[in-house]
Amino acid sequence: MKTKIALMTALMAFSYTFAQENPHANPSMKSYSRKIDSIVVSEKIKMNKELDDVDKNFNNNKINIDEKQKQRAEIASKYEQSINEKVDSQKSELEEATREMVKDAVLKPNDSSRRGKNQIIFGLGGIKSRMDTEKKTPKDFLSSWEYSVALVGTSYASKDNPFKFYDKSSDIKNVVFNSSSFAIRYENQLGGFKSPVFYRLGVAYRWDQVKPKYGQVFTQDNNTLAIKDFTKGNLKETHLDNHYIFVPVDFRFVLNPKYIDYDGVKYLDNRKSQFSIIAGIYGGVRVTSNIYNKYSNEFSNRIVERERLTHGVNDFVVGGKLGIGYAGFNIYVQKDFTPTFNNNANLTHKYGLQIGIELLNVNF
């Protein structure tokens, strides 16, 4: 029995290793392995139950040590024979599974297009993950759904200096990262299979946090949004939050396209890490805005005020985007063409200007 179990173990180890190299082959071998495992486990459970009964009888002085050893040997022999017989009954299935495995190994070529289907790429700016469990050919990889998460630094520019990041003359505090963006988008190739141009359509959520300079807060009095000194106590935290839903339309241009031949056709290999330029436009609607203040005074160490914003912010935003990416690293700049704050806002800098780094990209 030991020889047979060792042989089965070696065979199953070989089939496991082969399955790792070619996970889509050998279903018959997998079925055979599962049946053998089931037989061994089932017989051992029944054998252990009978052995436990023998030990119980010995402990209760119903049998002596010689009788105990004799019964244990008989039980082991009985189940060894039972396992051998049941394994032998599966011999035809083993032979068929072995023939199929050898046939797959010898006759079926390795499909290079399937290698690395599921990938996690760590880049300088974050993580790019690809979950393409159903994709088989290079053509399948030319279209995908993508979920992305970006950490964003938002500043506000004046109409006269629309591209001046972190303007010191702004009445809004300049913060490196104060916003975030989450997007689900569909990407597909434009043109033939060798085209380096892709388009993207999606839906995105953007959260912008705006902070006034130290010791000041946003107020909305007499239908006007303004920034004033805080006089209620010791100010600990303050900000204005704008929440948007966007529809982005992007075009991605591959700068160093790499190709692959498959069934006599040349495809752009979209699984490779390649440099890309991204350009696009977006339009969105504001969902809600609110003012948050946290402070302390002589009566309480923690007072929180939340106020929904009703004046001073535009409901619609339109803008443009330009970025560059490689593997897991994607960085972009985008500019709101329409002002975030309208004429009811007593602010000098009203146009959103953002730098974003995509921390996570998951392709499906």
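This is a predicted model: local features need pLDDT of at least 70, side-chain atom pairs count only at pLDDT 80 or more; totals for chains, interfaces and linings use all residues.
# Salt bridges, strands and a surface patch

Are the two partners buried or exposed, or something in between? Arg286 is buried, with a relative accessible area of 17%, and the cut-off for buried is under 20%. Asp315 is partly exposed, at 39%.

Now let's step back to the whole protein. How many helices and strands does the protein have? The secondary structure comes to four helices and 15 strands. There are 364 residues, and 41% of them are buried. Here is a number I like: take the contacts between residues at least 6 apart in sequence, and 70% of them join residues at least 24 apart. The accessible surface is about 20,500 Å², and carbon and sulfur atoms account for 56% of that.

Next, have a look at strand E3, residues 144–157. E3 is mostly covered, with 11 of its 14 residues buried. Which strands pair with E3? One of them is strand E4, residues 179–190, which pairs with E3 in the antiparallel sense over nine bridges. To find your place there, look for Leu151, which stands opposite Ser180 in E4. Another is strand E15, residues 351–363, which also runs antiparallel to E3 and is joined to E3 by 12 bridges. Over there, Ala157 has Tyr351 of E15 as its bridge partner. And a reminder for when you follow a strand along: in a regular strand the side chains alternate between the two faces of the sheet.

A search of the whole structure finds 17 of them. In one, the side chains of Arg185 and Glu358 meet, at 3.3 Å from N to O. Arg185 lies in E4 and Glu358 in E15, so this pair ties together parts that are 173 residues apart in sequence. Where do these two stand on burial, buried or exposed? Arg185 counts as buried at 5% relative accessibility, and Glu358 is buried with a relative accessible area of 5%.

Another pair to find is Asp208 with Arg206, where the closest N and O atoms are 2.9 Å apart. Asp208 is buried, at 1% relative accessible area, and Arg206 is buried too, at 4%. There is also a network of salt bridges, which links Asp55, Lys68 and Arg72.

Let me finish on the outside. Leu190, Phe251, Phe253, Leu255, Phe275, Ile277, Leu322, Ile324 and Tyr326 form a nonpolar patch on the surface, with about 760 Å² of accessible area together. Which elements give two or more residues to the patch? They are strand E8 (234–254), strand E11 (275–296) and strand E13 (316–326). E13 provides the largest share, three residues.

Terms used: Residues are numbered from 1 along each chain as its sequence is written. Side-chain values use heavy atoms; hydrogens and water are left out. Buried means under 20% relative accessible area, exposed over 50%, partly exposed in between (1.4 Å probe, protein chains only). Two strands pair if DSSP finds at least two bridges between them. Contact means heavy atoms within 4.5 Å. Accessible areas come from the Shrake-Rupley method with a 1.4 Å probe; for residues, only the protein chains shown count as cover. Patches are made of residues with over 30% relative accessible area and no salt bridge: like charges are joined within 9 Å, nonpolar side chains (Val, Leu, Ile, Met, Phe, Trp, Tyr) within 5 Å. A salt bridge is a side-chain nitrogen of Lys or Arg within 4 Å of a carboxyl oxygen of Asp or Glu.
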